[in-house]
Amino acid sequence: QQQHEDLSTKKLRLTKPSKSAALHVDLCKATSPADALQYLLQFARKPVEVESVEGVVRILLEHYYKENDASVRLKIASLLGLLSKTAGFSPDCIMDDAINTLQNEKSHQVLAQLLDTLLVIGTKLPENPSVRMRLVEVACKHLTDSSHGVRNKCLQLIGCLGPVEKGVAKEAESQAAKDVQKIIGDHFNDQDPRVRTAAIKAMLQLHERGLKLQQAIYSQACKLLADDYEQVRSAAVQLIWVLSQLYPESIVPIPSSNEEIRLVDDAFGKICHMVSDGSWVVRVQAAKLLGSMQQVSSHFLEQTLDKKLMSDLRRKRTAHERAKELYSSGEFSSGRKWGDDAPKEEIDTGAVNLIESGACGAFVHGLEDEMYEVRIAAVEALCMLAQSSPSFAEKCLDFLVDMFNDEIEEVRLQSIHTMRKISNNITLREDQLDTVLAVLEDSSRDIREALHELLCCTNVSTKEGIHLALVELLKNLTKYPTDRESIWKCLKFLGSRHPTLVLPLVPELLSTHPFFDTPEPDMDDPAYIAVLVLIFNAAKSCPTMPALFSDHTFRHYAYLRDSLSHLVPPLRLPGRKLVSSAVSPSITPHEDPSQQFLHQSLERVYNFQHLDPQGIQELLEFTIRDLQRLGELQSELAGMADFTATYLQCQLLLIKALQEKLWNVAAPLYLKQNALASAAAKQILEETYKMEFMYSGVESRQVVIIHHMRLQAKALQLIVTARTTRGVEPLFGMCEKFLQEVDSFQRCFISELPHMQGSFVDKLLDLMPRLVTSKPSEVVKILQTTLRQSTFLHLPLPEQLHRATANIIEPTGESDNPLRFTSGLVVALDVDATLEHVQDPQGTVKVQVLYPDGQAQLIHPKPADFRNPGPGRHRLITQVYLSHTAWTEPCQIEVQLLLAYNSNKSKASTRIPKSTWNESLEALPPSENGIEGTIPFSKPVKVYIMPKPARR
Amino acid sequence: MPEIKVTPLGAGQDVGRSCILVSIAGKNVMLDCGMHMGYNDDRRFPDFSYITQNGRLTDFLDCVIISHFHLDHCGALPYFSEMVGYDGPIYMTHPTKAICPILLEDYRKITVDKKGETNFFTSQMIKDCMKKVVAVHLHQTVQVDEELEIKAYYAGHVLGAAMFQIKVGCESVVYTGDYNMTPDRHLGAAWIDKCRPDLLISESTYATTIRDSKRCRERDFLKKVHETVERGGKVLIPVFALGRAQELCILLETFWERMNLKAPIYFSTGLTEKANHYYKLFITWTNQKIRKTFVQRNMFEFKHIKAFDRAFADNPGPMVVFATPGMLHAGQSLQIFRKWAGNEKNMVIMPGYCVQGTVGHKILSGQRKLEMEGRQILEVKMQVEYMSFSAHADAKGIMQLIRQAEPRNVLLVHGEAKKMEFLKQKIEQEFHVSCYMPANGETTTILTNPCIPVDISLGLLKRETAIGPSPDAKKPKLMHGTLLMKDNSFRLVSPEQALKELGLAEHQLRFTCRVHIQDPRKEHETGLRVYNHLKGILKDYSVQHLPDGSITVESILIQATAHSEDQGTKVLLVSWTYQDEELGSYLTSLLKKGLPQST
């Protein structure tokens, strides 16, 4: 729609007298520079069409030469730049003029602006090396200008346009083919820090454009690290990093000694040094870059974690070293001995380097920094370095573990994530595990969940460690019962990773006794389930373990295997004839039995053609029931099973609605039949929308079938209406609409039509010419027969299918205390929900609030309210504003999450435009908002509220 | 040569009684005015008679600067200003000004009321003294008088601690006070810009120590407290009222918040409460986290920490108590300690250093049976832990500060002589600056090389810079001008203007030189040859051949005449003004080499 508007306005503008002429008149009329400036400002507000750009430029330039006032010239210069940016306009025709203007310009500001314009022109003409050469030459000429702004722009221009290939430069120019690098390098020592920064940036720009920087710059750049200005230092750090990546293996001498080291090591040391710079901007920059210096030698790398502690000139061991020693010697941490951190050996005073020790302790400093930005950067860098070096990962572990106690949550979270990423390389010591586990009590759910994820993939070294982890996780469970799923999942992985460590713990965990029978634990206790999850998963790869189980454990296994099948693996239990474990491995060891079951039942359904209607219905009903049950049991297949069950349900409804008996009854009974059929049609429509939008992984093959089903439902609707309404007039419209839909279906899915032999739409399209010409009543008749005769389409299943689910964690809906607020004012309700398998939640997930009076409110959460803790998972933490007029007593409102969809836009893949945060559902004009309908996809939660009348 | 003189009256090769006199460019400044914890006689205060025997101190001192509120930096202030007599300005930061009198009052109470000393400053004196204080903001340049200016930088250490830059003209001194280069739970790290002072006076408490990461200590502390509380035990943390107490409070408060713990935390009332009030007020002086979150909640509005009542000590169940004093030698902390010592579930954590002879020291050295007053024997069954939380910069931190400030000289105070020696050697070796460590009463003189600002007339500047802009603009540049010293001001003006102002006539100075050349040709031919030769060599200069046969190179005149005796020898007369000396002498040397033989 917007495009239309554009077009129309454009047409209008073209009929007006040319813009350039208008400008000319305006500028001539201007009596004072201020006037002229005003005209120009006004002019700049409107875009100029491509055809008249050149004319406008000419007029501007003409005026430029006449103008005495610098500010007007400045504006003209900037306008020139703007105009040359116009899409479709090639600025080479105005380049000469633009360069000419430079010659007589006295004002530095205008000069700088003109150079900026030239830069724009130059970037618009990437294919023209000679133009670029010329511009670079012009820039070089102005490099001696006394104003920093002009020099700045010149350097920028050279950086962006300077020749990248040396060969070309030599051919094209003889004397001006000066080395661009040298020209820029000369300005590293400029007196103005801004120019120095610009010079370094220009150099980096050249590098980005593919020019190989010379190694000679390195020493220059190193000097810049000691610059007084932070921008310069920050840029210099980048330059050094670039050089270290270009020439990692070159050898550079160490000043004040005869030794030489690799350049990358030297650069690493220098950047490490910048981690303790005075400016935090530089510190962040340095810490970030450290992470990507992977070629550095391990000897240097490990220094970054060693501060070389001393106390009173005697070497001291760090707390980390002490902890390590305690554990390797098998002693338990006393921590109570006074002075156990007493320094040991004497240090040779001459050998201690306090500051020039390069990389020494850089990360220790970075992780202790005042600004959390620096700390996060340091953690990230640690992560990247540790991923590439296992030995470093081992060493940095202590430091990462320490970061779990940072005061800023973001840092804690980041370090937990980092640890997870490097967990393949490390094994946690018991004391480290202890610290890690202590964080489980954190009140932030994000942190706890991140930690569970971490524990899923950690290696633990001892059985005590496992025990400790279990105990702490159980503690966590009692403290925060909502973490249940996450904890179980965590224990699942913990168990399957460490079967041998779990084995000796089994009797204790199950509290079995060699002689006495112990009471059977409560099967519904989440803690007991947690323990069993750990044990069963360990038992999977440890065949001796089941021998330790007591009778009830086997019973519980059977129960859990059934109810929590995603957490409990199939076990081969000796002497037990468990149906699932006995049958499945023998037949198809490769394929999952439940998957097989799914396919089998579907096949059975698709072959029902030969059955009588009654039999078909029964078969469908049974299959739907089976599939639903399967979905509950097998979470991996839930999406698939639900999807097919829904489809079958639609088919079932259709069959029921079309039953011959119903349609043949006498007129008085129409009503009942009508109600049933129209309800069925409506439900089918709803279900098809669910199928299309609630599942992630739906492919176009499925979409066709879904749309086909929808078409059938619409046909049914038409038939029902036709039979109940009197008069032909309304039917005309409906028929036409339906035929349009058929038409658009054909257009959208033309490629899929061959696969739909014998289907409703196939038959319909055959009859299309007839339908178009016939009367509505005829159409209805035809439709009815085709509907009945059409075959049931197979629904091919995609590889992965997941149903979008949402779970509202907060509000819990258990509170008996109403939320009181004054009527007319708003109250903020915190909503915390987890979403799974929702594509583009920012655009589609809405919160609905349903008031007792039936009023519904639809709230669009801000995009920032969605977090993405893992693939396919989202978390919505938002605030919902409630308001209502006064009530006499507290009442419950319902909060629910909805999935908004728009079938028109789903194909076009355009995002739904964001509207204001709060609009009531009734007021939504669907076409404007882009929301066609909504599907509730979470259980509604009741919140007790009480708007009090305002006190007067 | 101008010089800066520094004399420590206290804190020279010593910790405590910080008091340093600095004379810089004729101004005398006293840095800090502290007392010594170790003495109870006259030695506890600095010897102010060093400054002047008779006569008021006000006449000798231009200002006094107090770096922070610790008593070893401000304890002698009322004595100094009221009893010895000083009426000049005293500078300190706002938080220091707020908290300092509380501590002084406390100190007075202990000395006068408890120890019964007389001839000590009174409450009124503290008040009068505080009236003389001028509060300064961070990075605010305060003009003490027309020449002397001071500026405060953030120093960490305790709330309101500052480093001060003292500047007269181009000479400057930076005094660090106590500072901390690593941030802690409530304060940030010290920071200074590249101010390149002539002298940096730095504390050096941890001159020979490089500390471990703070995180381990914090983690240990929290873990111990947490474990004890979970066991149902009580934790006693004896603290000094200010500084560390707040840090530990924040640490525990946030931990309690994070971990959702329910056990109560108490702190003993009195000083701490009052001080907490100021901590709440001076949020801008705290660290990033507290500053950022204070919009939602001021971190010092403790949620979990409540005021302690004597009766609470007997309550059952776990609790954590902060109590003063920090060394367990008297007061509330000792009372609670006696109550709880018998239970092995309980724990006492000593967060700081304990002086020998105190209960704190005894239990830290492992004594399990203590003899209390009244011949009672107290058996200590509770766990005793030591946690060092110190907020001074370590050796690396000191070096880092020096690197940031880039001073020309360094002077160490507030540390032990032996340790200073090591650091001094390191500083000299790594920064190549001289380093001093005077003892108390010893004067160190530092020669400075101040730059003297000179006004240059704009016309001259423009003219001189217009002559070929050098690519290396950062390098020093040669300029021609006349320095006028008149009425105590320096000006650089063009020679013409100088002549005009001074009413002098201009004299021309010309050098002439004769160069003999063997050339049998005629004079004007010789001239032409010389012209061609010079033209070939001096491409960038304007070389002209005048109609009368003489040649000019810029303003240098060259004439060729035949030798009066020998016609084969031509004499070249080269004449130039002294301004063109360089070119002139170059030309002569060029001509002396002779003309090329060709043509």
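## A lysine and an aspartate in chain B

B:D145 is partly exposed, with a relative accessible area of 24%. B:K27 is buried, at 12%. Buried means under 20% relative accessible area, exposed means over 50%, and partly exposed lies in between, with a 1.4 Å probe and protein chains only.

The two residues form a salt bridge, with their closest N and O atoms 2.9 Å apart. B:D145 sits in the loop between β7 (141-143) and β8 (148-154) of chain B, and B:K27 in strand β3 (residues 27-31), so the pair ties together parts that are 118 residues apart in sequence. A salt bridge here is a side-chain nitrogen of Lys or Arg within 4 Å of a carboxyl oxygen of Asp or Glu. Helices (H or I, at least four residues) and strands (E, at least two) are DSSP runs, numbered from the N terminus.

## How to read the model

This is a predicted model: local features need pLDDT of at least 70, side-chain atom pairs count only at pLDDT 80 or more, and totals for chains, interfaces and linings use all residues. Residues are numbered from 1 along each chain as its sequence is written, chains are lettered from A and ligands numbered from 1 in the order in which they are written, and side-chain values use heavy atoms, leaving out hydrogens and water.

## Other salt bridges

Side chains of opposite charge can pair when their charged atoms come close. The whole structure holds 64 salt bridges over all chains. One of them joins A:D642 and A:R803, at 3.5 Å from N to O. This pair links distant parts of chain A: A:D642 is in helix α34 (residues 638-657), A:R803 in strand β6 (residues 802-803), and 161 residues separate them. A:D642 is buried at 17% relative accessibility. A:R803 is partly exposed at 32%.

In chain B, B:K486 pairs with B:E501, the closest N and O atoms being 3.7 Å apart. B:K486 belongs to strand β24 (residues 482-486) and B:E501 to helix α14 (residues 495-502), 15 residues apart. B:K486 is partly exposed at 35%, and B:E501 is partly exposed at 30%. Elsewhere, salt bridges that share partners join A:D228, B:K194, B:R196 and B:E406 into one network.

## Cysteines

A disulfide is a covalent bond between the sulfur atoms of two cysteines. It is counted here when a pair of cysteine sulfur atoms lies within 2.5 Å.

A:C140 is buried, at 18% relative accessibility. A:C457 is in no disulfide, and the nearest cysteine sulfur, that of A:C456, is 6.5 Å away. A:C457 is buried, with a relative accessible area of 17%.
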